[in-house]
Amino acid sequence: MNNLMLTYQRLPISFKKGEGVWLHTKDGEKYLDALAGIAVNTLGYSHPKFVEAVSEQIKNLIHISNLYNIEEQCLLGKELAYLSELNATFFCNSGCEANEAAIKIARLHGHALNIQQPEIIVMDNAFHGRTMATLSASGSRRVQAGFEPLMSGFVRVPFDNIDAIQEIANKKNKISAIFVEPIQGEGGVNIPQNFKKYLKELRNICDKNNWLLIFDEVQCGVGRTGKWFAYQNSDIKPDIVTLAKGLASGVPIGACIASEKVSSLMTPGKHGSTFGGNPLAMIAGLTTLKIMKQEGLLNNALNQGQLICSLLKKHFSQNDKILSIRHMGLMIGVELNFACGALVELAMKNKLLINVTSDKTIRLLPPLIINNDEAKLVATKLIKSIDEFFEKYD
Ligand SMILES: *Cc1c(COP(=O)(O)O)cnc(C)c1O
């Protein structure tokens with residue numbers, strides 16, 4: 001027993017130290033981390049340059065109120081504007097907060113269009129967070145159950161289905177935005193059948209109807225798909241994109257980035273955050289992006305993702321219990337034809353940390369610094385674990 005709320009079903013293990021892609025227990029056992037704190041530890045653990053920059057910042061200034069000009073915030077804002085080809089960022093401390101900001105902007109946009117009760121189109125199986133607005137936007141009963149009344153103003157459609165959205169557009173409606181993860185994370189690593197086409201059609205339908213296109217890239221953003229933003233694997237850009245998880249390699253951060261036109265909807269007093277944009281988080285973000293460039297981690301995400309998946313595909317090509325092995329860069333899903341939650345502990349016995357989401361999908365989100373040998377080891381350990389799992393539960 002401990003004095004924590006039981007919000008998590010925790011695994012019976014704890015770690016004292018991390019180095020690269022490895023986590024160490026206090027007994028000195030080493031685990032290969034193919035989950036990276038759920039896409040958070042972009043640079044793995046204890047990256048020397050990152051530790052140095054963050055330590056230096058702690059010595060100088062950790063927090064200062066947003067009542068003052070924060071130089072580090074301007075610098076990260078500028079960098080994100082450049083990388084996203086959008087304009088202005090609101091900084092906060094987590095993914096759900098970044099999404100709250102996006103939802104508030106979508107409402108401002110709706111009111112600016114004289115829609116009294118504007119609504120946002122959201123997706124089945126979406127995950128946007130645990131605050132009341134973001135759990136209401138999420139498409140999972142598990143996230144919502146017990147917390148009714150949900151927040152109104154969301155209209156749900158199936159993911160990767162333009163017709164369902166077109167049907168809404170064809171009728172009289174109160175829509176002001178579409179809010180979607182380009183690749184669904186918690187929903188089971190769901191990649192649209194034709195990624196480029198789906199995103200292009202989303203963009204077109206938004207342009208025709210004067211809706212905002214909002215991408216939640218809290219999980220798939222920051223280089224994981226081989227581009228800074230997942231949407232950069234298409235030919236379009238959104239009006240708003242949200243980031244969090246991997247942006248500062250473990251230091252809490254959230255970012256809501258918008259185009260010039262849309263960001264001007266926010267004016268002083270409309271939104272805020274006490275901790276958001278503090279110098280420590282900003283330096284952690286700036287340093288993460290800098291090291292990603294120096295070490296070529298976008299390309300590395302592509303190469304290692306390819307390597308892991310090709311090894312998995314080679315081994316499981318004849319296995320009809322594996323429904324699909326899919327990935328974009330280092331966002332990897334292996335879908336089985338039956339529930340496989342028990343695999344997590346089996347993999348742990350093989351000193352590999354993975355996750356199972358949406359009951360049947362093994363999810364890998366390794367640190368982007370993973371090298372060839374480590375990527376091969378992820379594949380080897382996972383293959384061994386899955387084979388053992390099939391023996392045990394078949
Ligand atoms: C994790 C996640 C969130 C929520 O982020 P928190 O930092 O836990 O609030 C929102 N959207 C997506 C796509 C996520 O993966």
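Biologist: Which side chain meets Asp 359 in a salt bridge?

Modeller: This is a predicted model, in which local features need pLDDT of at least 70, side-chain atom pairs count only at pLDDT 80 or more, and totals for chains, interfaces and linings use all residues. Residues are numbered from 1 along each chain as its sequence is written, and side-chain values use heavy atoms, with hydrogens and water left out. A salt bridge here is a side-chain nitrogen of Lys or Arg within 4 Å of a carboxyl oxygen of Asp or Glu. At 4.0 Å, N to O, the partner of Asp 359 is Arg 142.

Biologist: How is the protein chain divided into domains?

Modeller: The bounds come from an automatic or database domain assignment. The chain is split into domain 1 (17-33 + 296-393) and domain 2 (49-294).

Biologist: What area is buried between domain 1 and domain 2?

Modeller: Buried area is the accessible area (1.4 Å probe) that two parts lose on being put together, summed over both. Carbon and sulfur atoms give 61% of the area between these domains. The total is about 1800 Å².

Biologist: Which residues in domain 1 lose the most area to domain 2?

Modeller: Three residues together account for 41% of what the domain 1 side buries. They are Leu 298, Met 328 and Met 331.

Biologist: How many salt bridges are there between domain 1 and domain 2?

Modeller: The criterion is the one already stated for Lys or Arg with Asp or Glu. By that criterion, the count between domain 1 and domain 2 is two.
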